[in-house]
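Open the model in your viewer and keep the selection tool at hand. Each stop below tells you what to pick and what to look for.

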Amino acid sequence: TVLKKALETQKKIRNTTGISENSYSLMSLVDNALHERKLRSIERSLILVGASEMSAKVARYALRRGVTAFVVVRKDKDRAMNADMRELIESHREKFREITLNELKNSPAAIDADAIVLASTAPQPLLAAKDLAYLIEKRALSASSAIVDLSLPQNVHDDVALHAGERLITLAALQKLSDAARTGRLLSAAEAAPIIRKALYQLWLDSLYRENSQLVRTYIDDKSSQSEFEWQRLASEAALSEKQKRILYDFMKKEQRRALADHREMILDLIASSRALPQA
């Protein structure tokens, strides 16, 4: 019963709030940036500079999106690479091609990549504006392909920002999207709170008072004058089990008038609607 109610509440929250629209994963933020800037989506081909752990995450995301052509660029192909990245390449050998950075700068393949993602561990910039212009000239990239720099320190020279404009997506830009997403999720969480609270009351009523709604109604109507003795009498008349009595008394002592008084109208509505539910 609890699981069913949790799934129903989850679905209602997703359908009535924006909580599912604000994502935190790095690549989902990249995807949002591509969409906002009207750049090509990563779904067909990709140039990936670096073979780090971050490169592996980018490649895994791209594979899920249906990318079938990867060009993995490394300064030295003989150097060991991240184990996850190597496993991906070995598992999808037909989709990956490895080249050196010099080969990319001097003789790139005309693959018209959706984007170039830089995620290496190099301590200095690897590509300048002239390199990117050459890649577009040789049709390795298109004029609408994004340049995504996920490296720390950055892998592109400062002049790339002037040359690429909105096509350059940096970690700083993604941080702004992340902050906006976090703000949106906090607002959605506030909207979800009363939905969760109502579901909890519904569960409480369904599980404990499905056949004794009059008892709850009597408490709400007469809560200011009800004594513990009268509570016991009402509980006996309602034929509550000893376990239900203990739960009822525990609730009464802990919450007393505050909880039900604050939510009087909501609980009356729930009592009315609970009558239409199938009996347990």
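Begin with strand β5, residues 141-149. Select β6 as well: three bridges join the two strands, which run parallel. This is a predicted model. Now pick Val148 and look across to β6, where Ile169 stands opposite.

**The whole sheet**

How many strands form the open sheet, and in what order? There are six, arranged β3-β2-β1-β4-β5-β6, with parallel pairing. Go to the edges next. β3 (96-100) stands at one of them and β6 (168-170) at the other. Each has a single partner strand, so one side of each is left without a neighbour in the sheet. Look along the sheet and compare neighbouring strands: on average they are turned by 20 degrees against each other, direction ignored.

**A helix across the strands**

Select helix α3, residues 53-64. Which strands does α3 lie across? They are β1 (45-49), β2 (69-74), β3 and β4 (113-118). Show the axes of α3 and β1: the helix runs at about 175 degrees to that strand.

**Asp114**

Stay with β4 and select Asp114, which lies in this strand. Is Asp114 buried or exposed? Its relative accessible area is 4%, so Asp114 is buried. Follow its side chain to the backbone nitrogen of Arg44, which it reaches at 2.6 Å. Now show its contacts, leaving aside neighbours within four places in sequence. Among them are Arg40, Ser41, Ile42 and Glu43. Ser145 and Ala146 are also in contact with Asp114.

**Arg65 and Asp31**

Move to Arg65 and Asp31. Their side chains meet in a salt bridge at 3.2 Å, N to O. Where does each partner sit? Arg65 lies in the loop between α3 and β2, and Asp31 lies in helix α2 (residues 26-36). The pair therefore ties together parts that are 34 residues apart in sequence. Colour by accessibility here. Arg65 is partly exposed at 31% relative accessible area, and Asp31 is partly exposed at 23%.

**Lys5 and Glu8**

Go to helix α1, residues 2-16, and select Lys5 and Glu8. A salt bridge joins Lys5 to Glu8, and the closest N and O atoms are 3.8 Å apart. The residues are three apart in the helix, so about one helical turn separates them. Lys5 is buried, with a relative accessible area of 18%. Glu8 is partly exposed, with 40%.

**A network to finish**

How many salt bridges does the structure hold? There are eleven. For the last stop, select Arg74, Arg86, Glu90, Arg93 and Glu98 together. These residues are linked in a network of salt bridges.

Note on methods
Residues are numbered from 1 along each chain as its sequence is written. This is a predicted model: local features need pLDDT of at least 70, side-chain atom pairs count only at pLDDT 80 or more; totals for chains, interfaces and linings use all residues. Side-chain values use heavy atoms; hydrogens and water are left out. Two strands pair if DSSP finds at least two bridges between them. Helices (H or I, at least four residues) and strands (E, at least two) are DSSP runs, numbered from the N terminus. Axes are lines fitted to C-alpha atoms, for helices over the stretch in contact, and angles run from 0 to 180 degrees between N-to-C directions. Contact means heavy atoms within 4.5 Å. Buried means under 20% relative accessible area, exposed over 50%, partly exposed in between (1.4 Å probe, protein chains only). A polar contact is a pair of N or O atoms within 3.5 Å; within protein, one must be able to donate a hydrogen and the other to accept it, and residues adjacent in sequence count only if both atoms are side-chain atoms. A salt bridge is a side-chain nitrogen of Lys or Arg within 4 Å of a carboxyl oxygen of Asp or Glu.
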